[in-house]
Structures are given as structure tokens and as C-alpha cells.
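Take a walk through this fold with the model open beside you.

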Amino acid sequence: AVVSTQSTGSSLRREVYPYGIDIMTVCPGPVRSAISLHSFTERADREYNQDIKDKGRKMEADRFAKLLSVGLAARLPETWISIQPYLLFTYMAQYLPGVFNSALVSWANQGRVEKFKRNECLY
């Protein structure tokens with residue numbers, strides 16, 4: 001997903017550069033928000049309207065918005081916003097894929113499906 005996002009951003013950036021339009025690619029990590037309060041259910045006319053008890057380590061939405069604003073003001077072509085160690089793991093997966101795939105993926109995926117089914121923290 002990160003590679004396709006970066007590729008799309010790079011292509012679009014080159015395409016609209018002559019028109020003075022800046023494109024910023026944002027690669028966010030886990031963010032805590034109240035989105036579940038306004039999420040739709042199987043019926044489009046009804047909202048979920050329940051706050052999901054967030055058990056994971058995630059960046060607060062206001063902190064994410066502040067960092068995103070800084071990136072926009074600095075006119076960065078790309079920004080990765082996340083808390084550690086997620087940012088480190090993402091960088092490793094992107095820039096050291098051989099090391100990451102052989103060592104960390106098998107360790108990180110142990111029990112994640114079962115935890116997801118039990119609505120436990122995945123991070």
C-alpha cells in the first residue's frame with residue numbers, strides 16, 4: 001500500500017508541477033479518533049454511534065493534525081506520521097525489505113488474527 005501511494009503521489013506531482021500545484025503524499029500510522037461515532041452500519045441511514053474502546057498505542061488525532069499541518073506548511077513532498085516503533089518498522093519494510101520480511105514479519109504476525117477476533121490490541 002505504501003509503495004502504490006508513493007508511486008501515485010510521485011506521478012501526480014510530476015504531472016501537475018507545471019501548473020504550480022503541490023502534491024504531498026501522507027503515510028499515516030495508527031491514529032486514535034472518534035470516527036466510530038459517525039461510522040455507517042449495514043444500513044446507510046443509521047450511524048454506528050458507539051465509541052470503540054481503543055486499547056492500542058496510537059497517535060492522538062490532534063497531534064496527527066498538527067504534524068500534518070507542519071508538513072503542509074513546509075511544502076514537503078512526502079511525510080510519514082506515526083509513533084514509534086511503528087514508524088521504524090514501516091521504514092524497515094520500505095527500505096530494507098529483505099531484512100524486514102525474513103526477520104520481523106513472522107514475529108509480528110503471530111497471533112494477530114486471533115487478537116483481532118477477540119477485539120484485543122493489535123499494536
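Is Arg32 buried, exposed or partly exposed? Arg32 is partly exposed, because its relative accessible area is 25%. The classes are these: buried means under 20% relative accessible area, exposed over 50%, and partly exposed in between, with a 1.4 Å probe and protein chains only.

A word on the source. This is a predicted model, in which local features need pLDDT of at least 70 and side-chain atom pairs count only at pLDDT 80 or more, while totals for chains, interfaces and linings use all residues. Residues are numbered from 1 along each chain as its sequence is written, and side-chain values use heavy atoms, leaving out hydrogens and water.

Now the charged pairs. Side chains of opposite charge can pair when their charged atoms come close. A salt bridge here is a side-chain nitrogen of Lys or Arg within 4 Å of a carboxyl oxygen of Asp or Glu. The count comes to two.

Glu60 forms one with Arg32, and the closest N and O atoms are 2.5 Å apart. This pair links distant parts of the chain: Glu60 sits in strand E3 (residues 59-60), Arg32 in strand E2 (residues 31-32), 28 residues apart. Strands (E, at least two residues) and helices (H or I, at least four) are DSSP runs, numbered from the N terminus. Glu60 is partly exposed, as its relative accessible area is 38%.

Asp22 forms a salt bridge with Arg75, with the closest N and O atoms 2.1 Å apart. Asp22 lies in the loop between helix H1 (2-16) and strand E1 (25-28), and Arg75 in the loop between H2 and strand E4 (78-81), 53 residues apart. At 57% relative accessibility, Arg75 is exposed.

The largest nonpolar core has five residues: Met59, Phe64, Ile81, Ile83 and Tyr86. Such a core is a set of buried Ala, Val, Leu, Ile, Met, Phe, Trp, Tyr and Cys residues joined through side-chain atoms within 4.5 Å. Beyond its neighbours within four places in sequence, Met59 is in contact (heavy atoms within 4.5 Å) with residues including Phe64, Ile81, Ile83 and Arg32.

Finish with helix H4 (residues 97-108), where Val99 lies. Val99 counts as partly exposed, because its relative accessibility is 47%.
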